[in-house]
Number of protein chains: 2
Amino acid sequence: MRIAEPTVERLIKYHRLLISMKQGNSSVVSSRQIGDMLGIKASQVRKDLSYFGEIGKPGVGYHVERLCEHIEQILSSPKVWSVALVGVGNLGMALMGHSVFQSYKFEVKALFDVDPEKVGQNIMNIHCWHIDDIARVMKENDIEVVILAVPAVEAQTCIDKAISSNTLKGVLSFTQAPVILPKGVLFYAVDVFVELEKLLFFLKEKERNIS
Amino acid sequence: MRIAEPTVERLIKYHRLLISMKQGNSSVVSSRQIGDMLGIKASQVRKDLSYFGEIGKPGVGYHVERLCEHIEQILSSPKVWSVALVGVGNLGMALMGHSVFQSYKFEVKALFDVDPEKVGQNIMNIHCWHIDDIARVMKENDIEVVILAVPAVEAQTCIDKAISSNTLKGVLSFTQAPVILPKGVLFYAVDVFVELEKLLFFLKEKERNIS
DNA sequence: GGGTGTGAATCTGTTCACAGCT
DNA sequence: AGCTGTGAACAGATTCACACCC
């Protein structure tokens, strides 16, 4: 069964919330409680969770630990993904330091940059290669996922080199440049610029409607 | 007229693309060309652009410069927003260095942190205050927008302090913690964790469907 | 031919409302 | 009473298809 993207996104948030609730005191939680904490309607929460069979108890709610495991199973992958981080500037470093990157779901196997100060070094225990070596290193390490944190102008060049490895399956991009990829390679983008502009736009619209 | 969020998001991307096209050679562009470059259907592009009257020429396309100005007008704000950056760690610094932050639409008026190494310093020419001073500094500088780049556990505390300034109107959050805000304060979140998990989830699903 | 603008159709996601369980 | 699970209604966004223009 196919799960829609907005649903997956919410499942991930439920899961994260449930993990933090496991340390708490109550072992049961209702759809309304979950919804309130995440700013989601209770009916939406129930619909999302009902996709996978009946796991809540009417009149009671969901068992925190059981629900958490259940979602974990849905989200879990049969393998640990090998990942390359391309671009070890401020942003790349911030990502490396981010708790997200201590995950059992993937492993950052290699870093890539062009800065001679970084190439050849080990940064946070991971070797940094020159971007020109990416195809070879990706092949040797079976790296299927690339996290792209380079300046916009270099994005396409870097990706083209990664494509030539023939092992690339997914890209998470932090640059705002549009990137051309072969069909079949999954692409997700975190676009700071767009989010910021959206915020400012709707702030403006709101003020305009008031006055 | 109200413009839907997905439309705004695309308008922002069109605008960004058009700016880079202005340096190029062709002064006219078709909906198909725009769409291909951004991975959007041509019909979608036309629908988006037709919301604001007829600005394209049948058989020819859209005049790059005129279209760019047109969208700029839609997106533009009558004022420059005053912004505070809360959290000057790796991520905060990455954001500061990001080209996005050299915008004429807003100005970063103050930084906030708890690290005694940073508090009291000027960082990239902007003064860094202790987070406890945020309400006062926000009031004094009419800061209405907060960019939140602190660890998850501190997110709510920081936001609560910002709320008490009574000038807060919008938040762009980079932490993965859910944050409680008064109704009326706009909230956008960039959630690295969620994007990464989504990518891995759909990668897994894809492999599962093949085998 | 090539390309826009747009109403209609379709697809997708959310919300409602209520039967049924504890 | 309280809460889940779910079909049905609704709302929103995308895509189609075609009339019309250059």
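**Note on salt bridges, aromatic pairs and the DNA-facing surface**

1. Glu195(B) and Lys198(B) are joined by a salt bridge in which the closest N and O atoms are 3.5 Å apart. The model is a predicted one. Helix α8 (residues 192–210) of chain B holds both residues, three positions apart, or about one turn of the helix. Glu195(B) and Lys198(B) are both buried.

2. A network of salt bridges links Glu195(B) and Lys198(B) with Glu5(A), Glu9(A) and Lys13(A). Over all chains, a search of the whole structure finds 32 salt bridges.

3. A further salt bridge of chain B connects Arg136(B) with Glu140(B), with 3.3 Å between the closest N and O atoms. The two residues are separated by about one helical turn, because they stand four residues apart in helix α6 (residues 134–141) of chain B. Glu140(B) has a relative accessible area of 55% and is therefore exposed, the cut-off being over 50%. Arg136(B), at 38% relative accessibility, counts as partly exposed.

4. Asp115(B) and Lys118(B) provide another example, their side chains meeting in a salt bridge at 3.8 Å, N to O.

5. Turning to the aromatic residues, the search of the whole structure gives five aromatic pairs over all chains. One of them is formed by Phe201(A) and Phe202(A), an edge-to-face pair with 5.1 Å centre to centre and 85° between the planes. Phe201(A) counts as buried at 2% relative accessibility, and Phe202(A) counts as buried at 13%. In chain B, Phe201(B) and Phe202(B) also form an edge-to-face pair, with centres 5.1 Å apart and 85° between the planes. Phe201(B) and Phe202(B) are both buried.

6. Lysine side chains are also found over tryptophan rings. In chain A, the charged end of Lys79(A) sits over the ring of Trp81(A), at 4.3 Å from the ring centre. In chain B, Lys79(B) lies over the face of Trp81(B), 4.3 Å from the centre of the ring.

7. The remaining points concern DNA strand C. By class, the surface near DNA strand C comprises seven nonpolar, eight polar and eight charged residues. Sugar or phosphate accounts for 59% of the atoms of DNA strand C within 4 Å of the protein, and bases for the rest.

8. A polar side-chain atom of Arg46(A) is placed 3.4 Å from a base nitrogen of DNA strand C. For Pro58(A), a backbone N or O atom lies 3.2 Å from a sugar or linking oxygen of DNA strand C. For Gly59(B), a polar backbone atom is 3.0 Å from a sugar or linking oxygen of DNA strand C. The elements giving two or more residues to the surface near this strand are α1 (5–22) and α3 (42–50) of chain A, together with α3 (42–50), β2 (56–57) and β3 (61–63) of chain B. The largest share, four residues, comes from α3(A).

Technical notes:
Residues numbered from 1 in each chain as written. Chains lettered and ligands numbered in written order. Predicted model: local features only at pLDDT ≥ 70, side-chain atom pairs only at ≥ 80, totals over all residues. Heavy atoms only, no water. Near = heavy atom within 4 Å. Polar contact = N/O pair within 3.5 Å; in protein donor to acceptor, adjacent residues only side chain to side chain. Nonpolar A, V, L, I, M, F, W, Y, C, P; charged D, E, K, R; others polar. Salt bridge = Lys/Arg side-chain N within 4 Å of Asp/Glu carboxyl O. Buried < 20%, exposed > 50% of the residue type's maximum accessible area, 1.4 Å probe, protein only. Phe/Tyr/Trp six-rings, centres within 6.5 Å; stacked < 30°, edge-to-face > 60°. Lys NZ or Arg CZ within 6 Å of the ring centre and 35° of its normal.
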